[in-house]
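This report concerns aromatic rings and the charged groups placed over them. Please consult the sequence and the structure shown here while reading.

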Amino acid sequence: MTKIVDDPETFAASALAGFSRVYGRYVRLVKGGVVRSTAVPQGKVSVIVGGGSGHYPAFAGYVGPGMADAAVAGEIFASPSTAAVARVCRNADYGGGIILGFGNYAGDVLNFGVAAERLRAEGVDVRIVTVTDDVASAPADQHLRRRGIAGDFVVFKIAGAAAEAGLDIDDVERVTRRANDRTFSFGVAFGGCTLPGAKEPLFTVPRGMMALGLGIHGEPGIRDAEIVPARALAELLVETVLAERPAGARRAAVLLNGLGATKYEELFVLWCAVETLLQAAGVDLVAPEVGEYVTSLDMQGCSLTVLWLDAELERYWLAPCDTPVFRRGETFRTEPASVRAGAEDEAPVFGPASLASRESARCLAGILDVMVSALSEAEVELGRIDAFAGDGDHGQGMRRGATAAREALHQAVAAGAGVRSALAVAGDAWADRAGGTSGAIWGLLLRSWSSSFSDEEAVEDADVVRGARAALDDVMRLGGAKPGDKTLVDAFVPFVGALETAKADGLSLKDAWQKASDTCRRAAEATAPLSPRLGRARPLAERSIGHPDAGAVSLALIAATIAARL
C-alpha cells in the first residue's frame, strides 16, 4: 500500500508538484497538469495526453521533445475535469491544432470530449484519439469499445514522433489512429492496489492465484487462474495477444510492462520466455522495451503489448525522444520556453444580478450544504456499492465534488452572483474537484440546469422543471448513456418524467419533487438486476449483477435530501 502520505485528499497534486520540481528541465507545472518547459516551434501540432493519476510514468513522464507536449492529471484513478483539460490545452497550443490522447474510459471520454467542444468553439482544431488496446475488455469485432492500458505508451510515442517530425494535424491523427488499430495488450495481476490513505486494497487475488485481464484503475480481472511458472505465463500472454495478429504482420514493437510492484528482475525473467515465443512465431522484434510505463499504484502484475509495425510506424517508433522516463536516439537541443500570460484560469467575474436572483442563489447554497452532509455520511456505502465492479471511489468523488461545489457557490453568493451564474460555477467546481465520470456528469448536470435560471429573476417552479429536462438531455447526449445501461440515467429519466408529470397535475414544487424523489429511489433500486453496458463495470458485468448502480443510488440520495430541504 501507499505509505508515504500527508493528506490523501492532496496526494495526486502533491506528487505532480514534486515531479515538476525534479524534472523542471522538461516540464512546467500548471493547474491540473504539466506542459513542456522547452521552446516549441509555432505551428507544431500539440500532442496532449492524460488521465487519472496513479499510473506513473503515465502520463506526465511522457512529456518532452519527441513525445507529448503536455499531460493532464486527474485524481487517483479519476479522469481530469473538463476545466483541467481545457486549461492545459490552452497552455500547450502552438497553432497547429491539438491531438488529445487518452485511454477509453467513460470519464475520460466525457471530460476530454466536452473540453474539445469548448476549445473548438474558441477556434482551436482539436482531434480526439482514444487508446483501445486491451483485448480482455471487448471482443475483436468491438475493438473501439476496448479499454486503454499499456498501449497508451506506444500509441503516444508514435503520435509524438509524428508531430515532432512536422506532420500536419490530419496526418498526425491518421498515424495515431493506425498505431492504435494495430496495438494489442493483455495483462495479469497477482495482487490488488491500495489507494493513498486506504487500509485495504481495491481488490484481492486469492493466494496462489492471478487475475487475468485486469484493468489499470484497480478493477479486478475477468477471471482468476492459478499462478504458473514464467514459461507458462509467457505462453498465456503471447498466445492471447497474437490471436489478433493482422494478416502478413511480422515486425512489431513489443512492451513488457510492470504494474507497479513487480520487480524488474521478474520482468527480465519473463522476457526471456516472451522473446523466445515471439521469435518462434515469426515476429521480428523492433526495439522492445521492458519496464514500468503504465502502472497502477502498487499493483502486482504485468502486461504484454504488441504494436504491429509498417514502415511508417516503425520510423516513428524508432524516432528520437527525450522525456523524464524514456529517451531514444540523439539528444535534442532545447531552449527554455517563455511562459505565456493569461493561459491560467482566473477567478470568475460575475455580472449584475437582481436581489431576487441573489436570494435564489442563497437558497441553493443551503441546499448544497445539506447535500454535502448527506454524501459525506454515505461515502463509505457508495464506495462499497461501486467496488463490486468498479474501483470503489464513487463515494469519495461525490463527497469531494459536492464540497467543492458548495464552496464555489458560497463564494459566488458572497460576490453578489445571481442564481444562474452561481450554479454554473458550482457545477464547474464539482467537475474540477471530483474528476472521473461522476464528476463530469454532475458538473455537466448542474451547469445545464443553470441554463434555465436567470441572473435577473428569482427561480420559479417552471424553471426548476425545465432545468431538470435540460440537464437530463445534455447528460444523455454527451455521456452516451441510455436507459438500461445501468448508469445514473436509469434513475434520472424516471425522476424527470415524474417531476414534469406531477407539476403538470398541479402539485407544488415540494410535493412534485417528493413524488419524483420516490420514483427515483425505486428506479435506482431496480438497477440491481441489470448488466452494465457502459463504463469500467462493463467488462465485469457478472460482478455487478445483484447490486444497484452507485451513480443511480447517489442521485436518489441527493433527490431525497433536496426533497427534505424543500
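## Charges over rings

The charged end of Arg 315 lies over the ring of Tyr 316, at 5.0 Å from the ring centre. Likewise, Arg 328 places its charged end over the ring of Trp 317, 4.7 Å from the centre. A charge sits over a ring if NZ of Lys or CZ of Arg is within 6 Å of the ring centre and within 35 degrees of the ring normal.

## Basis of the description

The model is predicted: local features need pLDDT of at least 70 and side-chain atom pairs pLDDT 80 or more, whereas totals for chains, interfaces and linings use all residues. Residues are numbered from 1 along each chain as its sequence is written, and side-chain values use heavy atoms, leaving out hydrogens and water.

## Aromatic pairs

The structure holds 16 aromatic pairs. Rings of Phe, Tyr and Trp (its six-membered ring) pair if their centres lie within 6.5 Å; planes under 30 degrees apart count as stacked, over 60 as edge-to-face and the rest as tilted. Phe 59 and Tyr 62 form an edge-to-face pair, with 6.3 Å centre to centre and 85° between the planes. Phe 59 is buried (under 20% relative accessible area; exposed is over 50%, partly exposed in between, with a 1.4 Å probe and protein chains only), at 6% relative accessibility. Tyr 62 is also buried, at 0%.

The ring centres of Phe 495 and Trp 513 are 5.0 Å apart and the planes meet at 75°, so this pair is edge-to-face. Both Phe 495 and Trp 513 are buried.

## Aromatic cluster

One aromatic cluster is formed by Phe 59, Tyr 62, Phe 153, Phe 156, Tyr 293, Trp 317 and Phe 326.
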